[in-house]
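Dear colleague,

Please find below the structure that I am handing over to you. My notes on what was found in it follow directly after.

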Protein chains: 10
Amino acid sequence: MTTIPSKAEMTAAILQAKQRLGLKWAAIAQAAGLSPVFVTSACLGMNSLAKAPADQLAAALELGPEISAALQEFPHKHWPEAIPTDPVVYRFYEMIHVYGDTIKALIHEEFGDGIMSAIDFDMAISRQPDPKGDRVRIELSGKFLPYRSW
Amino acid sequence: MTTIPSKAEMTAAILQAKQRLGLKWAAIAQAAGLSPVFVTSACLGMNSLAKAPADQLAAALELGPEISAALQEFPHKHWPEAIPTDPVVYRFYEMIHVYGDTIKALIHEEFGDGIMSAIDFDMAISRQPDPKGDRVRIELSGKFLPYRSW
Amino acid sequence: MTTIPSKAEMTAAILQAKQRLGLKWAAIAQAAGLSPVFVTSACLGMNSLAKAPADQLAAALELGPEISAALQEFPHKHWPEAIPTDPVVYRFYEMIHVYGDTIKALIHEEFGDGIMSAIDFDMAISRQPDPKGDRVRIELSGKFLPYRSW
Amino acid sequence: MTTIPSKAEMTAAILQAKQRLGLKWAAIAQAAGLSPVFVTSACLGMNSLAKAPADQLAAALELGPEISAALQEFPHKHWPEAIPTDPVVYRFYEMIHVYGDTIKALIHEEFGDGIMSAIDFDMAISRQPDPKGDRVRIELSGKFLPYRSW
Amino acid sequence: MTTIPSKAEMTAAILQAKQRLGLKWAAIAQAAGLSPVFVTSACLGMNSLAKAPADQLAAALELGPEISAALQEFPHKHWPEAIPTDPVVYRFYEMIHVYGDTIKALIHEEFGDGIMSAIDFDMAISRQPDPKGDRVRIELSGKFLPYRSW
Amino acid sequence: MTTIPSKAEMTAAILQAKQRLGLKWAAIAQAAGLSPVFVTSACLGMNSLAKAPADQLAAALELGPEISAALQEFPHKHWPEAIPTDPVVYRFYEMIHVYGDTIKALIHEEFGDGIMSAIDFDMAISRQPDPKGDRVRIELSGKFLPYRSW
Amino acid sequence: MTTIPSKAEMTAAILQAKQRLGLKWAAIAQAAGLSPVFVTSACLGMNSLAKAPADQLAAALELGPEISAALQEFPHKHWPEAIPTDPVVYRFYEMIHVYGDTIKALIHEEFGDGIMSAIDFDMAISRQPDPKGDRVRIELSGKFLPYRSW
Amino acid sequence: MTTIPSKAEMTAAILQAKQRLGLKWAAIAQAAGLSPVFVTSACLGMNSLAKAPADQLAAALELGPEISAALQEFPHKHWPEAIPTDPVVYRFYEMIHVYGDTIKALIHEEFGDGIMSAIDFDMAISRQPDPKGDRVRIELSGKFLPYRSW
Amino acid sequence: MTTIPSKAEMTAAILQAKQRLGLKWAAIAQAAGLSPVFVTSACLGMNSLAKAPADQLAAALELGPEISAALQEFPHKHWPEAIPTDPVVYRFYEMIHVYGDTIKALIHEEFGDGIMSAIDFDMAISRQPDPKGDRVRIELSGKFLPYRSW
Amino acid sequence: MTTIPSKAEMTAAILQAKQRLGLKWAAIAQAAGLSPVFVTSACLGMNSLAKAPADQLAAALELGPEISAALQEFPHKHWPEAIPTDPVVYRFYEMIHVYGDTIKALIHEEFGDGIMSAIDFDMAISRQPDPKGDRVRIELSGKFLPYRSW
């Protein structure tokens, strides 16, 4: 039996196949029957897929079963930079700090003491046409988890 | 003429008045004619208000003109923790790192090389009813800014 | 109406009353009808109490309603040291790093991809008699939260 | 005589054999006659085994004596991230900081000035069935070590 | 189809060709029809070029289409040192900190609350003859982006 | 003789006087006979003035000789944040890292091995009208300093 | 009942009394019936004393019972500098890093896998006369704690 | 003439030979005519040996003259972790911080203003039998160096 | 008996007296019978003086015996910034890193394995006239300390 | 045409040739017609040489023109450790912090507001015979650069 590739090798194989076949992330996601954000994150090694979507995704990219196996591995979520440097990602880091206490205040006022889950959570990204320049629209939804007292 | 209070003094005065009057952030925002997220962030010292909404907000909280003046000051946006510790805010920090490259890939595929603005930007927070437990819904919208080549 | 004391002022008042009355954390917890770990953490400013246990706790310590109000405030959970220095706490930090990947491997094998919640969570601490020297016993229980795919 | 593999090479060989033979950590631990947590940590390179369990473990995984020798080596316990990023491990890091002073207060009240050992120490992880969602149960026990005065 | 080289491989190939052909950055920029600063930054892997200038640049350096393809890739902008050490770059880091609040005060006084864009932005570097020693002249221009209130 | 105020006290006094008199930085600079950037930096405590401009500046702000004396003190240039957080200043920090190697390459090609001085240095900030949105224009000029070999 | 002073207030009172009475640490330690190293560390707030030595120490320094009470408090062992700067302390930090792996190798070879306790531990400091210059002699002794397997 | 191996290559060769010949550090040290602590540190690359002990050590381990040459090289003393993570070494790091000011106070009281040298320095490690569990004994001796005034 | 002022209070008193009396550091040093560098460092709290020079220095500045006592205290040498920011000091930090390995190589070649002492050490600063611009001349001298082998 | 070696490859080649030929740094410097400090720093990759001394240096070491070319490259001055660990270099780091404010005070008093250049700068290292133990003498000279006001 073949060794399962690492997540980094899997990502490299997927990106090469994606480029060779001229596929967009939306098309790859559709093949897996899941959303573009989740499927992209799985292809970049930050989430795992169940067997069925992993097999379908590998097939759509004309890749072998070892890529499906790698997609099913539970990832170690590591990042090398505590403060992201790429401007696309830094702007979100900045928002989190500028609006962090605001988000906390509004969640607490509406829901009580607790948090928005980062596990039972989904996200969508879309283009929002605007005559003054199109906008990026990001929608997040996470289950409210109240602190348990015991 | 009186000295303008610091942002920290302004926030303390607003939080005390809010509690005394039993007002919610949504009501305070309505008085200012702006959204709850933006108004809360201004009250917490991370954004400035124009004169009209600042005056209306101070009036609604039965606070004097020095609070309106403080709300109009352009803030220094500082935060003491590079990595937030409060669980509400940390979960967003975690999302940014887990999904950062995903967001970058999807923005680039849809829009080309550029970023989503953190300046020409808005956010809304709402409750999303769900039988398995209500969810926090966060909607972000920022202008796409293409890198300029020259 | 009186101002609500800060969490630090509340903790100082509680520790002084506890010493004056010669009460143990277990007795204070019993007065609040909750467990010693949770009640101690609330008294140290890291959790909030609902109105009833907060009132009972303040009464048991012969403290006024402003302490009950402070106990009901939703805390900002901050800590000044990324790596704890006190030996009691450092030893747990060390365990987390020595056994972190082990815990991850065993949770994943038993439950699949997901985490143990730090929100829907409880902890108990007790003395475990042992002829070679008594032991500290700590029991943690947290809801398993599977990663959502969407 | 052959060179002893490094701990990293040993772990890779064990994980491959484990996957090939379809063994769970519990079964591997049983072969070594020790608990799953301790054996997993030794296989991941963070603890050493005595000769007998190391030989039994290598045999159960159909691996050679060089793997047994590597399991017997005393490890250097290093970790690259002062603050863990993987959400499974981070949640424990968060608990340590939220409940650190609470644990310290309760240990001191019960035992006096001293610490819970991270060396004379054991841990168990199990599934706790719960109709609202099964829970992860973690039990720690460490010898209380009083500070010596001299 | 060939694999697109990484940005690091692309930069190495460009620097070797530049040296072999004895070309200056100004000449390479002219071939691409863009400014020296922007073209140099693209060659060093910190910006992307559109297809036409990338093809022209590769041709001027007698490099193949895979270099043009690499120039068109959208870069990940990472830097390894939060505080630069090379004296040329450190001096700019120092200026930013010495004059940061000054720049902020003057922009705010002239334009109101907002920032100078680092995306819709250009820069030029030139020699400024001076009898007491020639000077380096750097001109930056960035679009003013007012904070949006909503 | 009176004690010289600290730089922080001096800045506070200047900002209050500036607000009370409704003066702009350009007007204050004109009173001192120097440029707005340099004078603002001196008022914010990051540079010193000679006696004549310090006296003129204090007089223009209707402040006493102790403010002139404080302006003449040689400052300790400290900053609390290695990575600036305010978006106005961060964008410049980002530019320095994105374009640092580019600036180094172009200075070296034009001037040889050496640096642009941050001491024998000046800066101007102005508004650059633009139909697509006015721009901030920043001009820096620093003496080229060749490395000495000996 | 009086409030117990903080460890910092206690240390200040002890140092003042020590200076006023012209006592050496050795004499203070003798009054407490313990060693100079341990007693000094307790006076500096890094260890606690039992009631008898605390009372004797306070009496010897002509200080009140509140100082004895403060000496009996269990300290939070915090230090502000991860890397000590004072040369006396830094030299020990340097030794730990230069000889750390050596100490580990020699302990492991002599005792097996385990550590030297920092809790069941003592230290003595003395002058070692030497014609080439007197030497500081430091003797440490800590219980060997073998790692427990379970 | 052959190239001198790096310190890391030298250490690997020594550890392999030590294991192959079944030698203890004490025996290797005896062959070199020096103490176990110093010789171990030299073998681990943190000190250099003079020619005679280096030759004797290499001969005792049946290694060639290139290992003797490497032992004679003056090392660069680097360590990757400012705060050690391995528990054996961390415990010493902790002692340094808990007892640092105590050591400083006692050295100053006995010797005056100055430090204990980390250069003109020696260390011994031994087993101290104890019915309650054997102890690790560490003896340090360093020349007192008074600060020079001039 | 009066309390001895802290080093910070002592420095403030000395700087005020120095300004009031119009004295230069050289004159103050002469009064103490020591060099300007050493005396300035003692006045800034980074070294201690013996009784005679401390008394002479206090007398020359018309300050009381408590300042002499403070000058005789052995300082804790702390600095808040691991990387200095003030340009005067940073330039020396930069030199240390640019020339650190060079200094090490030349000391080792001349003296063997060892260091230059930072304790048995002196420094002088002077003006070196130069037609192209006067220069700062700094002379350091420290005892060579050979590593001891044992 | 051959590729120019990296600075690291160049340094390795120079050190090997230096050892093979038994040359001292002083002799190599003499061959280049420059001082030992500057030439050593160039050989270690932290400075560049002009063509003539580079050619002479390569010839003296019997190395090819590619080493001369590498010596002429303008280096990127990077260092991996913000705080040096090797004791030789750390002692200088310590001096910079202990005497940094002293140096600043004395330069400002003698020269006015400005810095000592780290670019127009030279250094010499020599042996200073002393009956109590020879000393390392280091002489630094850097041009005073006054801050420009504009």
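In this predicted model, 55 residues of chain A are in contact with 55 residues of chain B, where two residues count as in contact if their C-beta atoms, placed from the backbone, lie within 7 Å. On the side of chain A that touches chain B, at least two residues each come from helix 3 (36–43), helix 6 (87–111), strand 1 (114–128) and strand 2 (135–146). Helix 6 of chain A gives the largest share of that side, with 22 residues. Helices (H or I, at least four residues) and strands (E, at least two) are DSSP runs, numbered from the N terminus. By class, the side of chain A that touches chain B holds 31 nonpolar, nine polar and 15 charged residues. Here Ala, Val, Leu, Ile, Met, Phe, Trp, Tyr, Cys and Pro count as nonpolar, Asp, Glu, Lys and Arg as charged, and the others, Gly among them, as polar.

Residues are numbered from 1 along each chain as its sequence is written, while chains are lettered from A and ligands numbered from 1 in the order in which they are written. As the model is predicted, local features need pLDDT of at least 70 and side-chain atom pairs count only at pLDDT 80 or more, whereas totals for chains, interfaces and linings use all residues.

Chain A and chain B are also related by symmetry. A rotation of 180°, with 0.0 Å of shift along its axis, superposes chain A on chain B at an RMSD of 0.0 Å, which means that the relation is that of a two-fold axis. The superposition is by least squares on the C-alpha atoms of residues with pLDDT of at least 70 in both copies. The residue of chain A that comes closest to this rotation axis is A:E139, whose C-alpha is at 2.3 Å. Both copies use the same surface, as 100% of the contact residues of chain A recur in chain B.

Chain A itself has six helices and two strands, in the order α-α-α-α-α-α-β-β from the N terminus. It is divided into domain 1 (7–72) and domain 2 (87–145), with bounds that come from an automatic or database domain assignment. The centres of domain 1 and domain 2 of chain A, taken over C-alpha atoms, are 26 Å apart. Along the principal axes, the C-alpha atoms of chain A fill a box of roughly 55 × 50 × 30 Å.

Chain E meets chain A through eight residues of chain E and five residues of chain A. The chain E side of this contact comprises four nonpolar, three polar and one charged residue.

Some pairs of chains do not touch. Chain E and chain G share no contact, and their closest C-alpha atoms lie 19 Å apart. Chain D and chain J likewise do not touch, with their nearest C-alpha atoms 16 Å apart.

Helix packing was examined both between chains and within them. Helix 3 (residues 36–43) of chain C packs against helix 6 (residues 87–111) of chain D at an angle of about 115°, with the axes 9 Å apart. Axes are lines fitted to C-alpha atoms, for helices over the stretch in contact, and angles run from 0 to 180 degrees between N-to-C directions. Helix 3 of chain C and helix 6 of chain D are therefore roughly perpendicular to each other; angles under 35 degrees count as roughly parallel, over 145 as roughly antiparallel, 65 to 115 as roughly perpendicular and the rest as oblique. In this contact C:P36, C:V37, C:T40 and C:S41 of helix 3 of chain C meet D:V98, D:Y99, D:T102, D:A105 and D:L106 of helix 6 of chain D. These residues divide into six nonpolar, three polar and no charged.

Within chain C, helix 2 (residues 25–32) and helix 4 (residues 51–60) pack at about 135° with their axes 7 Å apart, and are therefore oblique to each other. The contact is formed by C:I28, C:A31 and C:A32 of helix 2 of chain C with C:P53, C:Q56, C:L57 and C:A60 of helix 4 of chain C. Six of these residues are nonpolar, one is polar and none is charged.

Yours sincerely
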